[in-house]
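Okay, thanks everyone, let's get going.

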Amino acid sequence: MHRAAYVKTGCMALFSLVLVVSIISFPQHSFEASLRGLTIWWEVVFPALLPFFITSELLMGFGVVHFLGVLLEPCMRPLFRVPGVGGFVFSMGIASGYPMGAKLTVHLREHELITRSEGERLVSLTSTSGPLFMVGAVAVGFFHDVRLGMIIALAHYLSAICVGLIMRFHDCHEPRPTTEKPRSYFPYNNHNILYRALQAMHRARVKDGRTIGKLMGDAVTSSIQTLLLIGGFIIMFSVIINLLHILGINKVLAFFFTLFLFPLGVEPALIHALMAGLFEITLGAQMASEAGEAVPLVHKVAIASAIIAWSGLSVHAQVASMLAKTDIRYSPYLFARLIHAILACAWTYILWKPLLPLLSHVSLPAIAQGEPSSVTVWSNSHLFVLSTLLMAGLLVIMLCLMSVAQLQVKKRQF
């Protein structure tokens, strides 16, 4: 055991040394890559995530999370074996994207609102991309076809729900909380569920005790600290990816990817996209969209869906650094992302034939023709409508799954 620890320490030290030497050897390339990462963080990530981070902190301070926790307990507990507060984390993760789910899960664990096993299930379920990225950046920006955004987003969230259902069996021997009442999950057995939710919200706000000014200041400070952490990872991985290209290590990785994936019929251009997506989600999705006219569009979109679900080692590093504050393990999250990538790719193929003909009859802006005005119109109005439809569809799916779970529990009880 001690020998393995020494080997691990030596490998980490060697990696750090090689990284420092490479940056010193190629200072201009490293500076340009760092500047690109900084631009992405400052112009896209920072303004997109800061409002969500601040509002989530405010909602927690005012007890809204506890309110939703009581209301969503009938859905989240039977389906995913997580408390009702997981519904709040799931909705915020969908709205803002990576790494909001991990940040909120860590917050709940730090306040002992979830157990370690529940935290591992919750972070696996709620680590999703945002609809703005999938529709605006990938579908419109890379594929120049806004209709593909519905397929990518729907495949992404359906596979995320499937991952949550799979991860409910994670640590299945965990003892049930002693305060848990099996029949209290279902609202038809508890007519005062809204009153209990209001009580939970009030108790949480009183326990917090901070004034609105203090709470706002703490929310801004905490959010900016988290975004600085995310920005550092984005910049560092931008440099690492550039150095891998300069040193030719990407060719070695491409060889191993080709060795395993080419016999499965994966096109070489898509293999390079997967290799890039292994490290960074945006670069991988862009390369998938540029794989060439010889590659069928469905294959490009499926690979892009897999890359988005995997999220890249850059996001993995951000999540791992957040989870390190608690006893939540990283390995279940890694397993969940692998399953999510496979399922997202499969759901894309499943949804392609049924949805594409339907979407072709929908009147949407002609993004494929490259009209700048169409892009602006879509980003301001149609994107909101699409996001609303996606949320409504997910809600219907969740209600259907909850109904099945309720029927199964009623059969066991009676």
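This is a predicted model: local features need pLDDT of at least 70, side-chain atom pairs count only at pLDDT 80 or more; totals for chains, interfaces and linings use all residues.

Is Phe 260 buried or exposed? Phe 260 counts as exposed, because its relative accessibility is 60% and the cut-off for exposed is over 50%.

Now over to a charged residue, Glu 57. Glu 57 sits in helix H2, residues 27-61. This one counts as buried, because Glu 57 comes out at 12% relative accessibility and buried means under 20%. What does the Glu 57 side chain pair up with? There's a polar contact of 3.4 Å between the side chains of Glu 57 and Ser 222. If you skip the neighbours within four places in sequence, the contacts of Glu 57 include Lys 103, His 107 and Ser 223.

Last one, Arg 337, over in helix H16, residues 331-360. Arg 337 is buried too, yet there's no salt bridge. Where's the nearest side chain of opposite charge? That's Glu 120, and Glu 120 is 13 Å away. What we do have is a polar atom of the Arg 337 side chain lying 3.3 Å from the backbone oxygen of Ser 124. Ser 124 is also among the residues in contact with Arg 337, leaving aside neighbours within four places in sequence, and so are Val 123, Ser 127, Trp 310 and His 316, among others.

Okay, that's me done. Over to you.

Notes. Residues are numbered from 1 along each chain as its sequence is written. Side-chain values use heavy atoms; hydrogens and water are left out. Helices (H or I, at least four residues) and strands (E, at least two) are DSSP runs, numbered from the N terminus. Buried means under 20% relative accessible area, exposed over 50%, partly exposed in between (1.4 Å probe, protein chains only). Lys and Arg count as positive and Asp and Glu as negative; His and the chain ends are not counted. A salt bridge is a side-chain nitrogen of Lys or Arg within 4 Å of a carboxyl oxygen of Asp or Glu. A polar contact is a pair of N or O atoms within 3.5 Å; within protein, one must be able to donate a hydrogen and the other to accept it, and residues adjacent in sequence count only if both atoms are side-chain atoms. Contact means heavy atoms within 4.5 Å.
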